[in-house]
Amino acid sequence: MRRWQKITIGLIISALLVFFIGGYIFYRLLNNSLPIYEGILQAPGLRETVEIYRDSMAVPYVFANNDEDAAYALGYLHAQERLFMMDLVRRAGSGRLSEVMGKETIPFDKMFRTIGINKTVEKIKNEMNPSALKLLEAYSKGVNLYIKEVKNKYTFEFDMLGYQPEKWKPEHSLIVIRMLAWELNLSWWTDIAFTELVQKLGKENVEEILPDFPQNAPMIIPEYLEKFSTLNRSFLETDKLFRQFMGMNGTHIGSNNWVVNGNMSSSGKPIIANDPHLAFTTPGLWYAAVIKSPDWDAAGVSLPGVPGIAIGKNQNISWVVTNIMNDDSDFYFEKLDSSDTKYLLDDKWHDLKIIEDTIFVNGGDPAVIEIKETHRGPIISDIHPYNFAYNTDYTGYPPISMRWIGNEISDELYAFLKINKAANWKEFKSAVQMFNAPGQNFVYGDVDGNIGYVFGGALPLRGDGTLNSTTFVFDGTSSKSDWTGLLNRDQVPMLFNPEQNFIASANNKTVKDFKYHITNLWEPSSRIDRITELIKSKEKHSPEDFMQYQMDMVSPYAKKMIPYFLNAFDTIDVTYDNLSLSLQLLRDWDYELDKFAQAPAIYLTAFKFLLQNTLQDEMGDDLLNQYIFLANIPYRSIQQLLDNPNSKWWDNINTAEIENRDDIIRESLGNGLAFLEDQLGEEVGDWQWGALHKVVFRHPFSGNFSLLDKFINIGPYEIGGDGTTIFNTEYPFSESIEEYPIFRHELFENDLGPSMRYIYDFANPEEFYLILTTGQSGNIMSEHYRDMSLLWLTGKYMKISTNEDSIKSPKNKLLKLLP
């Protein structure tokens, strides 16, 4: 053998040895981060022995002799499986991402330092109920036990970023709660975006494309908008980028829940169901758990970082939630003096509160920032977006301040702990009335056969009662629109044992002709229409029926849309075969958005181009993307426009002709067919909706290395549905930022939907049905990282037993924590 051949072979063998030995070492390091499920562990700070059983899906059953030990154990469990995501959220909320992420996250840190979540939680901690604070302290000890126990053996994310997690404190749990409120707060977006629409396009043009609910908050566009220069949307863009960075990509941030009483259930007892719709991430948001102590017996899903059961049951009641879509933040145009230290209010100059803060940056110089606050809250227009994503000169824009309900003092942790222990409707209602943010529709059932609903959220009262213009930025030089307090909770909507024998909510309008403003951000009625149709379709329902309903993909919205598509071709001689076949498929369609069907793909690609062809010529790309970012807005506004065939919005201002509704529909369907032919080929049979519409559960590190993505992401899986089906599979309408991986998304990629599914029949009090999107663990080496995804996708559930004998079966693993 020649010398060069020997050298080549030697180098190849050496490289292979390095690869395999390095891979083996890396594998062992990752395996060392796996949590311990069995054995005995010394737990300093614990009062008495705690037993933790785990079943085959890693669902823990905590047996403790007191509440504080139960909270301690739950803190340890959360840290075992979700420590990195807990740390990421607490860092984000306190404005400390850049300490580990570098300069790229400075805008996010500046945003949250300015919003002031850190300051708010310090105030809450000082004023919260002492018993809730004790549980937070015990929970923190449990988290810190794990942090100390596995030092230098954390999950790979900590190694990649090169840092060790700090000790957990009670205020970090409060940050996690407030960050969920921030994710579910959508009114931050509409006030600014709608104001910019009016300023750029004029109020007459915009009135036609703003969703209208006249019984509650009619759209009266205030005259004062025209006197202010075009606003600075940098805060909006920074927050949108943050949501994408954290995996909060979807905007149908709502849910479905319903309950039937014994008159409508096959078991003769209430049956209750919930599937909260949130942005998809890996790991998912929720962590299933069963807690058993003498005074605290609750089961369901918990929020890692927080002690307690967020959605679930105890021995007497069950509770489920959907987002109210509450209008819980307001924005104000401010006028500053030439020194930028005073602001004008009611013809008098007032001192701004000015705070200097420092953001420490990994690999860079500290960033010194200045935060300015009025009596309402911080000035947020100084928060600038990523320069590489949006290149805009923001000089000369008016300053804008913000007031958000999340910065008010409230004790949501104590409210939930009271809900966890509530024995009846009275106790449940009293607990929910302490809950401010995020505003939730609480639906209830109990062992006595009662069902109920409570509006769980704070409603701001504005000074002069001008509720009609809450959708826009207020004139901050006047105190007329200042908050004067919060609505008395005895006046919020409630419902108990209704005659119709069921209660359902799907982010739809809460109540007709309510005296006080709630929101204009209701979801399209499609999901609640379908839920109501299914519940009324038969006399008795079972848990198995509810499972089918949660997987339902029929769209009442599509049923309303398709006649417009077909009527546009009534007088047209169609000669193109694929168009003729497509129209026939739409005529024969049952409006089920099945992943194997062609009609959904034809309809939804045409709908995509309908939005573009209707709005883009007037708005331009940038403003269009802002307008369609919150998906329920275009869904509702395009429906309104379709009833006006000669609206000026149908006309393409870039052509000499005057187009009407049917012209644009025909053009959009033609564009959709061309798109399908380009993407999937010319055979209509290949145009299956699932070929375009896929779900991927993405890890926060997704998009940086394609090889790593294969290990840390889950999917893609073909999926049916869309944002108007009970099985909500929303996809973004706005454009992807292709240059930057963390802001990129695939066309029609499902990025939001049921974050879990829960069903409970009171006739079988010691079991309930539950499934999560991914698994219990956030550790990529764990068998429980992705073991629920296919079950979730195919409508399967875990049956979780809360019976003590069943839990303490030898088949379950036992970990003992000793004081």
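How many aromatic pairs does the count come to? I got 42 aromatic pairs, where rings of Phe, Tyr and Trp (its six-membered ring) pair if their centres lie within 6.5 Å. Planes under 30 degrees apart count as stacked, over 60 as edge-to-face and the rest as tilted.

Ground rules next. I'm working on a predicted model, where local features need pLDDT of at least 70 and side-chain atom pairs count only at pLDDT 80 or more, while totals for chains, interfaces and linings use all residues. Residues are numbered from 1 along each chain as its sequence is written, and side-chain values use heavy atoms, with hydrogens and water left out.

**Overview.** I found 24 helices and 29 strands in the chain; these are DSSP runs numbered from the N terminus (helices H or I, at least four residues; strands E, at least two). Of the 819 residues, 63% count as buried. Buried means under 20% relative accessible area, exposed over 50%, partly exposed in between (1.4 Å probe, protein chains only). I also looked at contacts, meaning heavy atoms within 4.5 Å. Among those with a separation of 6 or more, 74% join residues 24 or more positions apart.

**Two ring pairs.** I looked up Phe 514 and Tyr 516: their ring centres are 5.9 Å apart and the planes stand at 65 degrees, so I noted the pair as edge-to-face. Phe 514 is buried at 14% relative accessibility, and Tyr 516 is buried at 19%. Then I took Trp 589 and Tyr 603, with centres 5.6 Å apart and planes at 50 degrees, so this pair is tilted. Trp 589 is in the loop between helix H17 (577–588) and H18, and Tyr 603 is in helix H18, so the pair ties together parts 14 residues apart in sequence. Both Trp 589 and Tyr 603 are buried.

**H16 against H18.** H16 (residues 556–567) and H18 (residues 599–627) pack at about 75 degrees, with axes 12 Å apart. Axes are lines fitted to C-alpha atoms, for helices over the stretch in contact, and angles run from 0 to 180 degrees between N-to-C directions. The two helices, H16 and H18, are therefore roughly perpendicular (under 35 degrees is roughly parallel, over 145 roughly antiparallel, 65 to 115 roughly perpendicular, the rest oblique). H16 brings Tyr 557, Ala 558, Met 561, Ile 562 and Phe 565 to the contact, and H18 brings Tyr 603, Ala 606, Phe 607 and Leu 610.

**Charges over rings.** I used this rule: NZ of Lys or CZ of Arg within 6 Å of the ring centre and within 35 degrees of the ring normal. The charged end of Arg 376 sits over the ring of Tyr 332, 4.3 Å from its centre. Arg 757 lies over the face of Phe 727, at 4.7 Å from the ring centre.

I found a cis peptide bond between Ala 437 and Pro 438, with omega about 0 degrees. Pro 438 is in the loop between helix H13 (425–432) and strand S16 (440–446). Gly 715 to Pro 716 is also cis, with omega near 10 degrees, and Pro 716 sits in strand S24 (residues 714–718).

Buried or exposed: what is Met 325? Met 325 has a positive phi of about 70 degrees although it is not a glycine, and counts as buried at 2% relative accessibility. Asp 347 has a positive phi too, near 70 degrees, but Asp 347 is exposed, at 74%.
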